Amino acid sequence: MRARAEVGVFGGSGFYRFIGNSGKQVRIVTPYGPPSAAVTLTRVGGKRVAFLPRHGVRHEFPPHAVPYKANVYAFKKLGVARVVAPNAVGSLKGNIEPGDLVFCDQFVNLTAGRDATYYDGPETTHVSMAEPYCPQMREVAIRSARKLKVRFHEGGTVVVVQGPRFSTKAESRFFSRQGWDVINMTQFPEAVLAREQEMCYLNISVVTDYDAGLEGDPSVNPVSHREVMRVFERNMSMLRSLIGDIVASVPDERRCACGRALESARLRA
Ligand SMILES: [Zn+2]
């Protein structure tokens with residue numbers, strides 16, 4: 001029987017296994033090369049779930065080199081309609097603290113040179129990105145976070161930078177002055193590619209640090225990779241429980257436009 005899944009989970013930095021080591025591993029072949037790792041198929045809350053660590057099992061793919069197109073396509077091939085995407089972020093605001101979660105509803109892309117579309121022609125396709133994250137999935141996530149009493153922010157804007165280096169203080173100050181909430185290196189083009197495949201996409205930003213520091217508070221140190229991993233790991237069991245609850249609570253019926261993203265996206269002569 002062909003492997004199938006309803007929900008796909010992309011593990012972020014420090015999140016290389018979903019629930020223990022259980023589940024069947026499958027290697028998926030895509031026209032865009034191999035995904036970051038084998039996909040683990042398991043069952044959570046009565047749903048079939050596919051798990052794929054976006055950086056590979058040993059974090060061998062830095063943010064700018066993640067095979068995003070292969071990863072998203074692997075989920076599509078398995079029949080995934082809903083993607084849950086946890087990722088580590090730096091906070092750009094004092095009230096967004098390490099350990100908090102942010103269910104982002106917007107992103108600003110400042111990356112460069114990433115392959116960000118499945119549609120290079122001849123069929124010209126312009127998907128809408130006005131609402132890049134699935135509103136229905138965000139509602140489900142907010143309910144689960146309330147139920148599990150975790151600290152979270154209902155919405156926010158993530159600025160996506162190229163990396164792999166972290167920000168200068170001047171850049172970080174510029175980003176916070178724009179009113180942006182958190183900073184990350186992987187939300188683009190992953191969210192866009194999911195939309196092009198008409199999948200719902202939920203961002204779960206796990207705040208690990210204060211980017212280049214916090215203005216006016218010299219005691220806050222700039223981010224280091226070690227600190228990101230430490231905070232992410234400390235929040236791992238909370239994150240697993242939350243994702244488990246979200247997966248179990250997602251209604252089968254899609255009450256959003258994500259599944260019809262291509263309907264109005266194509267130009268026809
Ligand atoms: Zn949706």
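Apart from neighbours within four places in sequence, Ala5 is in contact with Leu41, Arg48, Val49, Ala50, Leu78, Gly79 and Val80. The model is predicted.

**Ala5**

- Ala5 sits in the segment before strand E1, which spans 7–11.
- Ala5 has 24 other C-beta atoms within 10 Å, and it is buried because the cut-off for that class is 20 or more.
- One of the contacts of Ala5 is Ala50; the two residues are 45 apart along the chain, while their C-alpha atoms are separated by 5.8 Å.

- Five of the five residues of E1 are buried, so the strand is largely enclosed by the rest of the structure.
- Val7, Val9 and Gly11 point one way from E1, while Gly8 and Phe10 point the other way.
- In a regular strand, side chains alternate between the two faces of the sheet.
- Residues pointing either way from E1 are all buried.
- E1 pairs with strand E4 (residues 47–53) in the parallel sense, over five bridges.
- Within this pairing, Leu52 in E4 stands opposite Phe10.
- E1 is also joined to strand E5 (residues 82–91) by three bridges, and these two strands run parallel.
- Val84 in E5 is the bridge partner of Val9.

**Packing of H2 and H6**

- Helix H2 (residues 135–147) packs with helix H6 (residues 236–249) at an angle of about 130°, and the axes are 9 Å apart.
- H2 is therefore oblique to H6.
- The crossing of H2 with H6 is right-handed.
- From H2, the residues involved are Val140, Ala141, Arg143, Ser144, Ala145 and Lys147, and they meet Leu242, Asp245, Ile246 and Ser249 in H6.
- Sorted by class, this contact has five nonpolar, two polar and three charged residues.

**Cis peptide bonds**

- Most peptide bonds are trans, and most residues other than glycine have a negative phi.
- The bond joining Gly163 and Pro164 is cis, with omega about -5°.
- Pro164 is placed in the loop between strand E9 (157–161) and helix H3 (169–177).
- A cis bond also runs from Phe188 to Pro189, where omega is near 10°.
- Pro189 lies in helix H4, residues 187–196.

- His59 is not a glycine, yet its phi is positive, near 55°.
- His59 belongs to the loop between E4 and helix H1 (68–77).
- Glu198 is located in the loop between H4 and strand E11 (200–209).
- With 18 other C-beta atoms within 10 Å, Glu198 is likewise partly exposed.

Terms used: Residues are numbered from 1 along each chain as its sequence is written. This is a predicted model: local features need pLDDT of at least 70, side-chain atom pairs count only at pLDDT 80 or more; totals for chains, interfaces and linings use all residues. Helices (H or I, at least four residues) and strands (E, at least two) are DSSP runs, numbered from the N terminus. A residue is buried if 20 or more other C-beta atoms lie within 10 Å of its own, exposed if 12 or fewer, and partly exposed in between; C-beta atoms are placed from the backbone. Two residues are in contact if their C-beta atoms, placed from the backbone, lie within 7 Å. Axes are lines fitted to C-alpha atoms, for helices over the stretch in contact, and angles run from 0 to 180 degrees between N-to-C directions. Angles under 35 degrees count as roughly parallel, over 145 as roughly antiparallel, 65 to 115 as roughly perpendicular and the rest as oblique. A crossing is left-handed if the near helix is turned anticlockwise from the far one by less than a right angle, and right-handed if clockwise. Ala, Val, Leu, Ile, Met, Phe, Trp, Tyr, Cys and Pro count as nonpolar, Asp, Glu, Lys and Arg as charged, and the others, Gly among them, as polar. Two strands pair if DSSP finds at least two bridges between them.
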